[in-house]
Amino acid sequence: MMPIEMTPAISFFIAAALIALTRGTMRHIITLVMPLLALAHIWTLPTDIQVQFDFLSYTITLVQINTYSIIFATVFTLAAFAGGLFALNQKRPQELSAAFLYAGSAIGVVFAGDLISFFIFWEIMTIGSTLVIWSADTDKARAAGLRYALLHFVGGVILMIGITAHVYATNSIALPHFVVNDFSALFDGELSGVAMWLILVGVLINAGAPPFSSWLSDAYPEASPSGAVFLSAFTTKTAVFVLLSLFYGSQILIYVGLFMIFYGIVYAILENDMRRILVYSIINQVGFMITGVGIGTELSMNGAAAHAFSHIIYKALLLMSAGSVLFMTNKRKFSDLGGLYHSMKLTCIFGIIGALAISSFPLTSGFISKPMISDAAAQEHLAVVWFMLTAASAAVFLYVGLKFPWFVFFQKDSGLRPKDPPLNMLLAMGLVAVICIAPGIYPDPIYAMLSGDVTYEPNTALHFVTQLQLLLFSGLVFFLMQPLLKRTLTISLEFDWFYRVLMNKGLLGLEKLGNAILSILAKMTFWILDLSIAKIASVSRPNGGLSKILPVGTTTLWVSVLLVIYLFLYYFSDFIIASH
Amino acid sequence: MPKIIKKLLAASEEYTDFSPRQIARYWLIFVCILLATLIAQFFVHPHPHFGIDGLFSFHAWFSVLTCVGIVVLSKLLGFWLKRPEDYYEKNHDAN
């Protein structure tokens, strides 16, 4: 039996080290067994557990069970297990090792009971995820990984300043609860208000909130087929967990969430890269969760947590399906794919299951979680929010639920006839496909992990009819508007344009300006030097100023002038010192 | 067969590899399912929250209107945001 007085992250940390040191079957066994041990550990934690120790003058709470710790830790562990299975034939061990470090630290965050241990696990996550991106071992991945790391370390610094200021202002490292409804706390001159905002910004950067969402679509599509599966699971959802713990009921999150929802949709509609579409749909789906956190009722927050569970699983399935296509064809653009249903039958079926789940089709996991959030908006009479959530729910089917499987597996035949991927990849997809469907039929195990007594009943005739109308008519629009949805060989600019192009050009411009100033200065220096040399030469030559014979009287005059200046300075300095 | 349906079927051939017979059959099935979801509404009891969502087939026409709106909006934003694929490489961002 595992020592219970430890964070459940420990299994993953040990696994990360062992995977790096072992080879072959041994590594496979570790990859598959350690997440299961972690799952057992999580499920046997006593509900009142507090693993604490003293550090400096603080009591660090390494493990405590917060409201949504169990559901997030469970789904993180499942995602790590399925991702590990999917990555089993990955030749480079560093990716799995980094992925387990990453998974472990995400689990560390959800059990952290104070701001210090939360922050430490949060930063290890950045290291693990950056290493996962770099494991793809391409030039593009290295560059995107560096940009990813830089942005996340900036986010970490902002968070760190926020936490430090908060601890200074309140003298407590306990997990606080903030309510941010508007910007007033920034301007009322209190340190705690600024601290709260810095913490919010630090967390929102990891959630992929505007304007810092471009790191997602920049870095994730450059990861390896299995790397993207791990990446999609942890960072943004850990941020959702932290928002659920620290910022629930903050109105500002409703606006942030709604913005993300439509941001994801618009960019996904414009996109041609199959995995980048799935990444934009992360921003979109996390937007739903953040809106739920912002509404802040028990139903909406339970909806956000349940949707995080559903989302991690179906997004893993979608990215595995896309990853299998990439793995077998080495192609990632819709414009190069099509007609793959002829030969990749199982991958196609799994992709469709994932697409149905993300669209919240009845009897899938998405259907038991996402409608909780819009129903909560209706209960709170938030009309605009409800209409926007409903419109977005319809659009999800169009921009990813249909777009992804249609352009990869159907549409015009590309002539490619790749086989289904190796067995371990198929098994991983099969496993997550089951977890996409099972909760849709029997949601109780998911609801049991939520807060309070969940009485929500998703599978009613009314829900079925309204949801099917919403989705199928969105499908009608998809097929009728095909000419407008044609894929183009383009990318779309995002906020990172400012630091990838504008700042780059700005720096180049500054460099040019600096060079121009330097050359002018150099010219001036030479001109002055030339002039002085000529002057010195002219006074030093025979009969020049210095060679002249001067009368004694002139010398005496100059000596007395110097003496007067000296005396003046002497007394004056005394006077200044005395006046101080 | 009305002209508009012929046009729709011909357009569908542009973006699939299904045979014209298959396309006609799939469209027929799809339209039947759409009608079925509309008819099904007579057998459930709606609980409108905001009035307008209690109107007949609200979710169907609201879906069509907003999806068309979103596609058109995206397309318009695309004119402003889209760049060639090698845009960043050309802007000294290769490393």
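A: Domain bounds here come from an automatic or database domain assignment. For chain A, that assignment gives domain 1 (139-490), domain 2 (496-549) and domain 3 (551-580). Taken over C-alpha atoms, the centres of domain 1 and domain 2 of chain A are 58 Å apart. This is a predicted model, in which local features need pLDDT of at least 70 and side-chain atom pairs count only at pLDDT 80 or more, while totals for chains, interfaces and linings use all residues. Residues are numbered from 1 along each chain as its sequence is written, and chains are lettered from A and ligands numbered from 1 in the order in which they are written.

Q: Into which domains is chain B divided?

A: Chain B has domain 1 (1-44) and domain 2 (49-95). Their centres, over C-alpha atoms, are separated by 24 Å.

Q: How many residues of chain A are in contact with chain B?

A: Two residues are in contact if their C-beta atoms, placed from the backbone, lie within 7 Å. By this rule, 43 residues of chain A are in contact with 41 residues of chain B. Helix 19 of chain A gives the largest share of the side of chain A that touches chain B, 12 residues. Helices (H or I, at least four residues) and strands (E, at least two) are DSSP runs, numbered from the N terminus.

Q: How do strand 3 of chain A and strand 1 of chain B pair?

A: Two strands pair if DSSP finds at least two bridges between them. Strand 3 of chain A and strand 1 (residues 82-84) of chain B pair in the antiparallel sense, over three bridges. A:Ile491 has B:Arg83 as its bridge partner in strand 1 of chain B.
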